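Please read them alongside the structure.

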Amino acid sequence: MSKAIITTKRLSAGYNGNYVLEDISIEIFEHEITVILGVSGCGKTTLLKNLIGLMKPIRGYIEILGREMTNIEEDEYNKLMKNIGVLFQGGALLNSIPLSHNVAIPLEQHTDIPPHLIDRIVRLKLSLVGLGHAYDYLPSQLSGGMRKRAALARAIALDPAILFADEPTAGLDPVTASSLDNLLLSLREQLGMTLVIVTHELSSIRRVADKIIYLDKGRVLFSGKLQSAMDSDIPELQNFFTAQNIT
Amino acid sequence: MSNQTIQPPETLDSDTITHFYDRVRGILRKSSESSELCIDFSNVEYIDSAGVITLEKLRENAAEQGVEVIFRNISPELEKTIQTFSGKIIKSPEKQAKQHPVEYIGESVFKLWFVFRDFMLLLANISYFGVIAFFRPKLRRKGEVIRQANFIGVTAVPIIVLVNFLIGLILTLQVGLQMRPYGAEIFIAQLITFAMIAELGPLLTAIMVAGRSGSSIAAEIGAMHVSEEIDALRSMGIDPVPYLIIPKLFAILISMPLLAAVATFVGIFGGAVIGFINFQIDFNAFYNEATFALRYYEIMTAFVKSIVFATIIIVVASYYGLHVEGGPEGVGRSTTRSVVVAIFLVIVADSILGLLFYL
């Protein structure tokens, strides 16, 4: 059985003293694709921000790759982030520099690889996401789907052990969304990554999820296989699936 | 023909490849043609995409020197990873050949012409809607003229007062010191009054407003353009010029002459203060002398200049706001350009008007 590489215990988090998440205890296992889902405002993105250290929890415990995140030193955090890739909802590419530079940033900052090898790695990563031709493009010259793929290339620049993706298919057409899901699946296959995906798009969840964690009003309402969730008689889950015509 | 064997580290990833790459390159430099270099993977437990890329690159380097690289004892897992990442790079299209200087000059001239044409079209558009919207208030955003006049005019008063007071003070001091040997200090009152009303008051105000409000207007319209708010207005059948720009035009046309008047007054007052302190000219004497220079002609000059400068600032800021390219960083670029171009055009217009009024 694979081991848990992300663990939270009684995690509570929020903004300005208001709780968005309360007593979240979850385990995410190596090489699995875990989807965090729930209706808008249930705390999905807040959980993601806490997991990647962009927000400090109000209380509770977070462990990622064997390191406790709540009291981590900045140096140690930066080292840990070498093993973690994050795909932000809007891509979060630096707009003033071409894709090649965007993808090269983690390689230049975290390694001493010579520039000509970095260039090759960048070309490989862009090719893996189907953007080999867009090496010199600026982010503003790309469509929404291409921008997300470019951001994915940057997120996997260092072959991270864990990839967090915030709404990777939000706002994309079904074909592009499906191809991005397939890309995530093939990256898991090729790089052996663990994926944590935040989304509420069920078509996407069906394609990629090994396991789902359903959040409702800041608490974990369900954790397990998608089929078990769909068979469950929890009213909130039934409403969620019925609303998207999946039975 | 000589053969060498090299063992990579246990983990061949982004942390270790540089050392390994340098080591193999060192060996390759010393290798003779038609030799073999064997890379023994028996100790290697993990390889990532950076490791595969390095092996690919080393193979190419070796081939250039006529050295054959052989991989030995590769486990099936490593073989799979190498297969996954080998030969996957898709070449980007060749970059366009460098432009000929004549092409570059031609393109620049055309670009400049297009900028001028679009600028004049916007000016015509603003002028047209400026008149139309005056009689049809529905065309412009409700309450926006007051809000903008407050932002462009009222909130700018403190900085305008401070800057012009200091300019008036220093200018009077320096001119007074030059006049003192001739016993002509009393004339500094006329000089500073004339300088402030006909030139420095409107000009300094315009520069301050271009930097403060012009940049803000360009950034606001630019950000709206980037976030498709302008397109949203157009899609609702609302022309962005009367809706967004005309209230700002009215506000700046009201504010600029008033700000210029304030600037002129405090500049002259600054001169009176230093005249009193340093040149023993009392305020009554200064006032009497100053009124000699205070003619209707100069007041009209200052008013016309303020109106022209205000129009330049609003048209330039709107132009650069509406022509933002390249997302949020483009907003920053356009804002900077709008300030630089507006100040430049204000100075050019000031020179032309100065020549027209006084030549």
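At what angle do the axes of helix 5 of chain A and helix 6 of chain A cross?

1. The model is predicted: local features need pLDDT of at least 70, side-chain atom pairs count only at pLDDT 80 or more, and totals for chains, interfaces and linings use all residues. Residues are numbered from 1 along each chain as its sequence is written, while chains are lettered from A and ligands numbered from 1 in the order in which they are written.

2. The axes of helix 5 (residues 144-155) and helix 6 (residues 174-191) of chain A cross at roughly 10° and come within 10 Å. Axes here are lines fitted to C-alpha atoms, for helices over the stretch in contact, with angles from 0 to 180 degrees between N-to-C directions. Helices are DSSP runs (H or I, at least four residues), numbered from the N terminus. The crossing makes helix 5 of chain A roughly parallel to helix 6 of chain A (angles under 35 degrees count as such).

3. On the helix 5 side of chain A, the contact is made by Gly145(A), Lys148(A), Arg149(A) and Leu152(A); helix 6 of chain A brings Thr176(A), Leu180(A) and Leu183(A). Contact means C-beta atoms, placed from the backbone, within 7 Å. These residues divide into three nonpolar, two polar and two charged (nonpolar: Ala, Val, Leu, Ile, Met, Phe, Trp, Tyr, Cys and Pro; charged: Asp, Glu, Lys and Arg; polar: the others, Gly among them).

4. The largest nonpolar core has 93 residues, and Ala153(A) is one of those with the most contacts inside it. A core is a set of buried Ala, Val, Leu, Ile, Met, Phe, Trp, Tyr and Cys residues joined through C-beta atoms within 7 Å; buried means 20 or more other C-beta atoms within 10 Å of the residue's own. Helix 4 (residues 115-128) of chain A gives the most to this core, with seven residues. A second, separate core of 66 residues includes Ala156(B) and Leu171(B).

5. In helix 3 (residues 99-110) of chain A, the buried residues include Leu99(A), Val103(A) and Leu107(A). The buried residues of this helix pack against helix 4 and helix 5 of chain A.

6. Chain B has domain 1 (3-85) and domain 2 (137-358), with bounds from an automatic or database domain assignment. Their centres, taken over C-alpha atoms, are 68 Å apart.

7. The contact between the chains takes 23 residues from chain B and 23 residues from chain A. Helix 2 of chain B gives the most to the chain B side, with five residues. That side divides into nine nonpolar, eight polar and six charged residues.

Key:
Helix = DSSP H or I, 4+ residues; strand = E, 2+ residues; numbered from the N terminus. Parallel < 35°, antiparallel > 145°, perpendicular 65-115°, else oblique. Contact = placed C-beta atoms within 7 Å. Buried ≥ 20, exposed ≤ 12 C-beta atoms within 10 Å, placed from the backbone.
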